[in-house]
Amino acid sequence: MYRSQKGRYNKMLTPAALQFRQTGRAFGPRLAVDALNLTVAAGEFVALVGPSGCGKTTILNLAAGLIEPTKGEVESFGAPLKGLNPKVSYLFQQDALLPWKTLEENIALSATLSGRDGRDEAREWLERLGLEGFGDYFPAAASGGMKKRVALAQQWIPRRPLLLMDEPFSALDIHTRQRMETELLQLWDEDRRTVLFVTHDLEEAIALAGVVCVLSAGPASTIINSYRIDLPRPRAIADLRLDPRFQDLYRNIWNDLRPEVLRSHAG
Ligand SMILES: Nc1ncnc2c1ncn2[C@@H]1O[C@H](COP(=O)(O)OP(=O)(O)OP(=O)(O)O)[C@@H](O)[C@H]1O
Ligand SMILES: [Mg+2]
């Protein structure tokens with residue numbers, strides 16, 4: 001955990017990107033998340049897996065400062081979180097492109113808002129993401145994968161140190177999804193910024209993350225176990241699932257996750 005590694009972040013000196021301490025969040029009488037203890041070290045890629053409706057988005061919303069905890073606290077980079085977290089970019093579960101702007105303009109806007117020359121940067125991103133020739137498409141005419149790539153660029157561009165991602169690829173077909181996962185890991189490898197990635201797909205969590213945390217079924221969802229994923233990087237996403245080490249990890253973690261998934265269906 002504390003060995004020196006590629007990237008700008010020195011884990012010994014940098015406070016945790018996120019620290020949840022006995023954090024809980026209720027909506028009216030219903031306790032969605034409770035007694036959540038989670039440390040996301042700076043530079044770490046952490047995945048949260050849990051059944052549908054268990055509270056994954058709620059945890060990201062707490063990290064972003066969009067909602068406040070009703071119990072316990074949330075700290076980000078060493079300071080208690082008050083209001084919106086200025087250190088985060090947030091890739092929402094739903095698409096959030098501006099429908100009246102083209103794909104290129106959507107990307108450019110993100111760079112412009114970060115005080116840089118949007119046009120040039122947008123063209124570079126289009127090329128990098130294999131979207132040359134599609135820059136003048138409006139979101140309505142773009143495929144789900146194209147829109148996700150644009151949304152990823154939009155959130156990567158501001159260079160904020162913590163990226164929150166909420167099931168970003170779950171609506172994509174398996175090939176597009178694996179391509180997006182590969183692109184994300186390539187981006188992440190460049191500067192190892194901190195990522196908190198939410199998914200209900202355990203394979204995806206293991207393939208991407210350095211740490212996988214399993215959430216219990218709600219109500220009062222909490223982390224029941226965390227696993228370090230010591231698969232070497234860079235990872236060949238498309239072949240990874242055949243690796244015996246991957247399969248061992250999958251079996252172990254699934255033992256924890258399976259009863260929670262069954263419980264959430266029963267509820
Ligand atoms: N604004 C809200 N008002 C009332 N209840 C809410 C609100 N937001 C979330 N909840 C409830 O909190 C619980 C957790 O919701 P959340 O959206 O965090 O789950 P999730 O794990 O992200 O689900 P999914 O996998 O379907 O995206 C659910 O029971 C949900 O109905
Ligand atoms: Mg959700």
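The protein is divided into domain 1, made up of 1–87 + 160–267, and domain 2, made up of 95–159, with bounds that come from an automatic or database domain assignment. This is a predicted model, in which local features need pLDDT of at least 70 and side-chain atom pairs count only at pLDDT 80 or more, whereas totals for chains, interfaces and linings use all residues. Residues are numbered from 1 along each chain as its sequence is written, while chains are lettered from A and ligands numbered from 1 in the order in which they are written.

**Overall fold**

- The protein contains 8 helices and 10 strands, these being DSSP runs numbered from the N terminus (helices are H or I with at least four residues, strands are E with at least two).
- A compact globule of 267 residues would have a radius of gyration near 18 Å, and the value of 18 Å for the protein agrees with this; the radius is taken over C-alpha atoms, and the globule rule is 2.2 Å times the number of residues to the power 0.38.
- Along its principal axes, the C-alpha trace spans about 45 × 45 × 40 Å.
- Of the 267 residues, 41% are buried (20 or more other C-beta atoms, placed from the backbone, within 10 Å of a residue's own).

**The two domains**

- The centres of domain 1 and domain 2, taken over C-alpha atoms, are separated by 25 Å.
- Across the boundary, 11 residues of domain 1 are in contact with 10 residues of domain 2, a contact being two residues whose C-beta atoms, placed from the backbone, lie within 7 Å.
- On the side of domain 1 that touches domain 2, helix α5 (residues 174–191) supplies the largest share, 5 residues, and the residues of that side divide into 8 nonpolar, 1 polar and 2 charged.
- In this grouping, Ala, Val, Leu, Ile, Met, Phe, Trp, Tyr, Cys and Pro count as nonpolar, Asp, Glu, Lys and Arg as charged, and the others, Gly among them, as polar.

**Around ligand 1**

- There are 13 residues around ligand 1, of which F27, A32, K56, T57 and T58 come nearest; a residue is near a molecule if its C-beta atom, placed from the backbone, lies within 6 Å of it.
- Helix α1 (residues 56–64) gives the largest share of this shell, 3 residues, and the shell divides into 3 nonpolar, 9 polar and 1 charged.

**V46 and its surroundings**

- V46, which lies in strand β3 (residues 45–49), is buried because 24 other C-beta atoms lie within 10 Å.
- Leaving aside neighbours within four places in sequence, V46 is in contact with V40, V195, L196, F197, A209, V211 and C213.

How values were computed:
A residue is buried if 20 or more other C-beta atoms lie within 10 Å of its own, exposed if 12 or fewer, and partly exposed in between; C-beta atoms are placed from the backbone.
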